[in-house]
Amino acid sequence: MGIPEIRGTTESCKHCFMCRHACPTFLATKLDSHTPRGYALLLSEIDHGFQSWTDSIVERFYQCSQCGLCREDCAYHWAEDEVVRNAREEIVAQERTPEKVRSIASSLINGRAPSGRVQVSWSPVSCSPDRKNADVLYLPGCAARDSHPEILQAMDSLLGALHADWTVLGEEPCCGVPLWDLGYSAEAKAVAKKLAQNVHDLMPRILLTGCPHCYRSFKELYPAWGVSLPEGLSVMHASQYLEAQIAQGLLKPRRVEGFSRASYHDPCQLGRKMGVFDAPRRLIETILGSPPLELFHSGRMAECCGAGSTMFMTDPSLTRRVAEKRIERMREIKSTVVITACQNCKTAFQAASSGEGSDVKALDIVELLAMAL
Amino acid sequence: MDQEMTEKTGTFLTEIQRHELETIVGKENVVTDEAEIDAQSLDVWWVTRFWKFSDLGFPRPFAIVFPENTAEVVGIVNYCNDHRMPLIPRAGGAGDAGGSLALTGGIVVDLKKMDRVLEINERSLTVRAQPGIIQKHLEEHLNRHGYTMNHFPASYTTSCLGGFISTNGTGVLSSKYGKLSDMVHQLEVVLPNGRLFRSLPVRLHSTGPDYSRLFIGAEGTLGIITEALCKIHPLPEKRTFRGFLLPDLKGGIEAGRRIMVQGLQPCLLRLYDERDSSVILKEQFNLDFAGCVLLIGFDGLARIVDVQHEIASDILMAAQGKDLGERPGLVWWEGRYKSYYPPNDYIAYPWMTAVTDTVAPYEDIETIYWAMKRAVEEGFKEWDATFQAHFSHWYDWGTSFYPTFLLKRYPEDRKEALGLYNRILDASIRASLENGGVVNEHHGIGLKNARFMREVYGDGYELARAIKKALDPNAILNPEKLGLGA
């Protein structure tokens, strides 16, 4: 935990410039202190007593979306994103956390949405909440519940059309990933245990989520944290689940027209971190009749939209600048619609493309499929 | 943040100065916070790394300023002239010689926000771009249009076009495609007096001297490059490699010379001395051969590539070379950047190391190599100093080799260690100069090699000083670099 845990990476990366070209935040700001080398250098200096946690240094460490592209680009895959996360643990331990971060963490720890609002009470049309032994427990994720009712409604329609035996949690605790990413590791595990208990209480067959952060937490982090989910539980991202339903002939979407310039943006957590690249693309191809346009740098090398690690809340203006760079990738290939599979990516793209005369639009993959019903 | 700067550095911009700079480039483009000042204070020179992590004190700029266009660069230069403020141009900042170190304070002018490709001319095969574009981004842009700049140096993924021009950089395909001085057609430069200079739009002319040459390799001491028109090439139809094992260095150099003087155009020609063969090729590429390995590659139209490979093979076999097939060259090409990543970096910090690139005509080059090797290995035997080299840039008149000295142990006392470093560097460089070598530091002359410039140029040094004085009478541009003084 903290600096000692990642000292090997820090000492290796502090003089290495090789991955700078890939860092999406650096591409937006051009600040060396936003690069993996910058982070490693600052942390090493602090570690060796040549630097301290000044306000600007603390601020920088919360301006990384932890997208992992630096790690992917590195010839030896040094985990620079983990350097940032561990640095945040240190910042939390030293009680130097910026007010905005503290406020988000407090909301999540206390069962509110990351925005601080009381969690939206959601009553789907096609199911009732908190039902035991349903086939599917759908967790939209706290950010989707808070800010993207359109995604929830689309999923409601789709599961309704499938006549799925499904349910939701009346109150949905944080999965833990945002807290983990912000450096609140103990609190992350605590809320994770709470959510896992909710799942145990309902005992569904499938745990379905549209949020790549939740997906990663259930699949990768919970086992690492020692948080158990019911044995035999199948964890699926919405894109995987819906693509499987179509493949089995349970859902027959009609062809949706007017999206010939649609591209697909790989969410970092779903793609690079969890390896889900094909299901969303197959789903889009089924709906549109042709594969989505590929943005320059896609798949494992996809640049982040800037929303990761709750940066869309801790530093929305920076997220907007990072997302603008990704939107430039859309314009390069004359894409007018970007389809993604993460509500936070949608938030970032919407913020960056809002305003008069905007020529691009962002859509969640679930919404696209709902249009095909 | 001002207070933070004051506490940390003892130097700062006054609010008035900051306001004036913000008026020129905008508020968000004047950065004075501790995090960025710190991150921008280093390059990849061993000395700066070593110095930074010591209690010897470390020079830092007052501010980092990011211009977004030429007019803003003009504004900054005028401001610095008015205030006699040192100004250090910087792009990638990954030089190897302290060239972007703010030795006397002042402001760093970071050009990375001037990163656009302005035009590709598909008829005359040129690209016009701004200096702050990372070479990899420029190359990716060109590749998507079917072209390449064929400039692939070690810092390809991180250094910028402006930095490569300012150090007259050289990539691994230089034997065919040349140095930056061979690639640049035209430069736009903001002079130290704030006036704009645009060289003639063609690379070869007889309209007086080609004044653009003043700025290629000048490391920002004579002006700030704001735009460059560079040569591009269609992506090659074919690019293939072969490896050969030569019995010794002498035979390898002679075989390389024959290849070049006969007019062949290998894009890649790399001859490794025995130590470099065993250290770099064996440890990092798993290519295990005893002797001197020579890697050669050709690219372009397939028929020309095939014929040139055939002729080169004849020359190398006649030199008692052993054909190692395509694999060594291909393995090296595909993994060529891997050796710069930790932990595989063969000159990994904290080992004490320096590159001492040298170029010379064929008649002197081998003598220089042995003189430098003796100077390092015999002169600093008590520290187990090692010297290794590869010859990687070849011409029809001579070649350039890339020697590295390496010490895995050195005095614990930091000042003593720095003293030892300077003595080894002196011995190595002077062994080269005394035998007809020319310091060829395309990684930067900067501070590291500045003290040798008077010896390198002899009487010509005064011309360099006079040009500097005439162009930059207030000595604001990158003081103390290139041996041009403050």
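Which residues does B:Ile225 touch, leaving aside those up to four places away in sequence? In this predicted model, the list runs to B:Pro131, B:Gly162, B:Ile165, B:Ser166, B:Leu187, B:Val189 and B:Phe215. B:Ile225 itself sits in strand β10 of chain B, a stretch that covers residues 224-231. Is B:Ile225 buried or exposed? It has 28 other C-beta atoms within 10 Å, and since 20 or more is enough to count as buried, B:Ile225 is buried. B:Glu366 makes a handy landmark here: 141 residues separate B:Ile225 from B:Glu366 in sequence, and in space their C-alpha atoms are 37 Å apart.

How does the radius of gyration of chain A fit with that of a compact globule? A compact globule of 373 residues would come out near 21 Å, and chain A has 20 Å, so the two agree. Of the 373 residues in chain A, 57% are buried. Sequence distance tells another part of the story: if one takes the contacts in chain A between residues at least 6 apart in sequence, 79% of them join residues at least 24 apart.

Next comes a pair of helices in chain A. Two packed helices are described by the angle between their axes and the distance between those axes. For helix α3 (residues 36-47) and helix α6 (residues 80-93) of chain A, the axes come within 10 Å and cross at roughly 40°. That angle makes α3(A) oblique to α6(A), and the crossing is left-handed. Which residues make the contact? On the α3(A) side they are A:Pro36, A:Tyr39, A:Ala40 and A:Leu43, while α6(A) brings A:Glu80, A:Val83, A:Val84 and A:Ala87. Sorted by class, this contact has 7 nonpolar residues, no polar ones and 1 charged one.

Finally, there is the meeting of the two chains. How many residues of chain B are in contact with chain A? The count is 33 residues of chain B, in contact with 26 residues of chain A. On the side of chain B that touches chain A, α3 (34-39) and α6 (135-144) of chain B each supply at least two residues. The largest share, 5 residues, comes from α3(B). By class, this side of chain B has 15 nonpolar, 7 polar and 11 charged residues.

Methods. Residues numbered from 1 in each chain as written. Chains lettered and ligands numbered in written order. Predicted model: local features only at pLDDT ≥ 70, side-chain atom pairs only at ≥ 80, totals over all residues. Helix = DSSP H or I, 4+ residues; strand = E, 2+ residues; numbered from the N terminus. Buried ≥ 20, exposed ≤ 12 C-beta atoms within 10 Å, placed from the backbone. Contact = placed C-beta atoms within 7 Å. Rg over C-alpha atoms; globule rule 2.2 N^0.38 Å. Axes fitted to C-alpha atoms, helices over the stretch in contact; angles between N-to-C directions. Parallel < 35°, antiparallel > 145°, perpendicular 65-115°, else oblique. Left-handed = near helix turned anticlockwise from the far one by under 90°. Nonpolar A, V, L, I, M, F, W, Y, C, P; charged D, E, K, R; others polar.
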